[in-house]
Amino acid sequence: MSKTITIHRLDAARAAADSCVHFGFCTAVCPTYVLDGEELDSPRGRIALAREVLSGTAAPSPAAVRHLDRCLSCLSCETTCAAGVSYRDVIDGAREAIEQSGVRPLPQRLLRSALARVLTTPALLRPALAAGRLLRGAAGRLGGPLGALASLSAAPGLAALARRGEPDPEPPADATRRVALLDGCAQSVLGAEINASALRLLARGGVAVVPVPGVQCCGALELHMGRREAAVKHMAQAVRSWSAALEAGHIDAIVSTTSGCGSVIKRYEELLSDRPDLSAHVKRVVDAVTDITQIAAGLPLSASGAAQGLAVSYHDACSLKHGLKLERPPRRALGKLGLDVRDIAESHLCCGSAGTYNILEPAIANRLGQRKAAHASAGHPDVIAAGNMGCLVQMSRFTPVPVAHTVQLLDWATGGPPPRGLEHFRPAPPRAAADDQPPAAPPVPTTAGSGDLLW
């Protein structure tokens, strides 16, 4: 076992794994187990493999590596677990141990290292995206991660989320709040229109967005790949920069439109507990982070009527639903502005995006994406919405229904431009006031088989 894995983290991962009592509730909500019923691709099966990996008695077996790699880190199992097992400690610890063991073949190590480097560095991601577009025609022949990259580069969601080109709004002169906006290392390139929508929405609500130099990446992507040392470097840099801005009074909050980032930042106290040099800063940062839908709920925003009655199929990103435990705020924010928000079937199951998952495990990711897109498209909504860019890009590959980030819809509903694909939407007429409604007919009872009256 590598010395870079501290005893504290190793003990935490082992304790979490040992707390599993095999109730089995988790199997019904695990995406990979639901697909194929393979026990080693269930949470309890992976916990058994993680115990083996974390024991340090031998190098991780190929089977352990394969099945732990297939975990999406969606945390649906953790939400459901009756015993309160911290599955995130288990999977993060096991993956770190695998990466540090060096058991992966050299080509895999090089690929994973390159992916982590490119996706967290905007200056490298832009040319990589252009190269992926050149390979689109060969996606089927390439197969594997390269084929997946080429296929993803053609996803309609990427075109839908690309920056429009309008200049950023001027900060409000009478701003009531000053915040930092987390652009997201990958999102700043692949979903720049999401950030532009957030800037417009916040400015409309009287909030000034203040640049905070030194923040490149939150560390989420590398953490989930088992590259903890690299992830912590990103986290430490972000913490120092944000903390300095908060302490100086330049900002009073950090707003995230990337739920995968927000869910990891909220864990910084735990993840950086072995960094005493950061202890004075971490809690300040964690307390200041908020999702865009949470801050939008408190802004003086008025509906423009442009999106009145828009049928929104809302997908719960795993990082929002299971990581941040935010389900109602996005729905309330959209419904408050006159949009018709609809839940979808199997909302607890991951769409298959999961950071680099749809690149490294494309076969399973595609099946999950098709399943999720089918549920989201049922009922013929006007748009599919989510609070995470990766989910939108993933689902857009398998449905003709337009996709949009929640903040894009909030922006449009309060005076911003329509998201791509919704330019021809015609709003529903405003509902008549209650006094103008005709009296409702009395309900007619029908008899149920049990003898109860249903109204």
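Figure 1. Cys185 sits in the loop between strand 1 (177–182) and helix 12 (187–190), where helices (H or I, at least four residues) and strands (E, at least two) are DSSP runs numbered from the N terminus. The model shown is a predicted one, in which local features need pLDDT of at least 70 and side-chain atom pairs count only at pLDDT 80 or more, while totals for chains, interfaces and linings use all residues. Residues are numbered from 1 along each chain as its sequence is written, and side-chain values use heavy atoms, with hydrogens and water left out. With a relative accessible area of 11%, Cys185 is buried; buried means under 20% relative accessible area, exposed over 50%, and partly exposed in between, with a 1.4 Å probe and protein chains only. Leaving aside neighbours within four places in sequence, Cys185 is in contact with Leu119, Thr120, Pro122, Leu125, Gln216 and Cys217, contact meaning heavy atoms within 4.5 Å. The C-alpha atoms of Cys185 and Thr121 are separated by 6.4 Å, although these residues are 64 apart along the chain.

**Figure 2. Cysteines without a disulfide partner.** A disulfide is a covalent bond between the sulfur atoms of two cysteines, and here the term is applied to a pair of cysteine sulfur atoms within 2.5 Å. The search of the whole structure finds zero disulfides. For Cys30, the closest cysteine sulfur belongs to Cys74 and lies 6.5 Å away, which is too far for a bond; Cys30 itself counts as buried, at 7% relative accessibility. For Cys81, the closest cysteine sulfur is that of Cys20, at 6.6 Å and again too far for a bond, and Cys81 counts as partly exposed, at 24% relative accessibility.

**Figure 3. The open sheet with strand order 6-5-7-8.** Four strands form this open sheet, and their pairing is parallel; two strands are taken to pair if DSSP finds at least two bridges between them. Strand 6 (340–342) and strand 8 are the edge strands, each pairing on one side only. From one strand to the next the twist averages 35°, with axes being lines fitted to C-alpha atoms, for helices over the stretch in contact, and angles running from 0 to 180 degrees between N-to-C directions. Strand 5 (residues 311–314) pairs with strand 6 over three bridges in the parallel sense, and Val312 stands opposite Val341 in strand 6. Helix 21 (residues 328–336) lies across strand 5 and strand 6, and runs at about 175° to strand 5.

**Figure 4. Strand 7 and its partners.** On strand 7 (residues 383–386) both faces are covered, with Val383 and Ala385 buried on one side and Ile384 and Ala386 buried on the other. Three bridges join strand 7 to strand 5 in the parallel sense, and Ser313 stands opposite Ile384. Three bridges also link strand 7 with strand 8 (residues 403–405), again in the parallel sense, and the bridge partner of Ala385 in strand 8 is Ala404. Strand 7, helix 24 (residues 389–396) and strand 8 make a right-handed β-α-β unit; right-handed means that, with the strands pointing away from the viewer, the path from the first strand over the helix to the second runs clockwise.

**Figure 5. The chain behind the close-up views.** The chain holds 25 helices and ten strands. Of its 455 residues, 52% count as buried. Among contacts between residues at least 6 apart in sequence, 73% join residues at least 24 apart.
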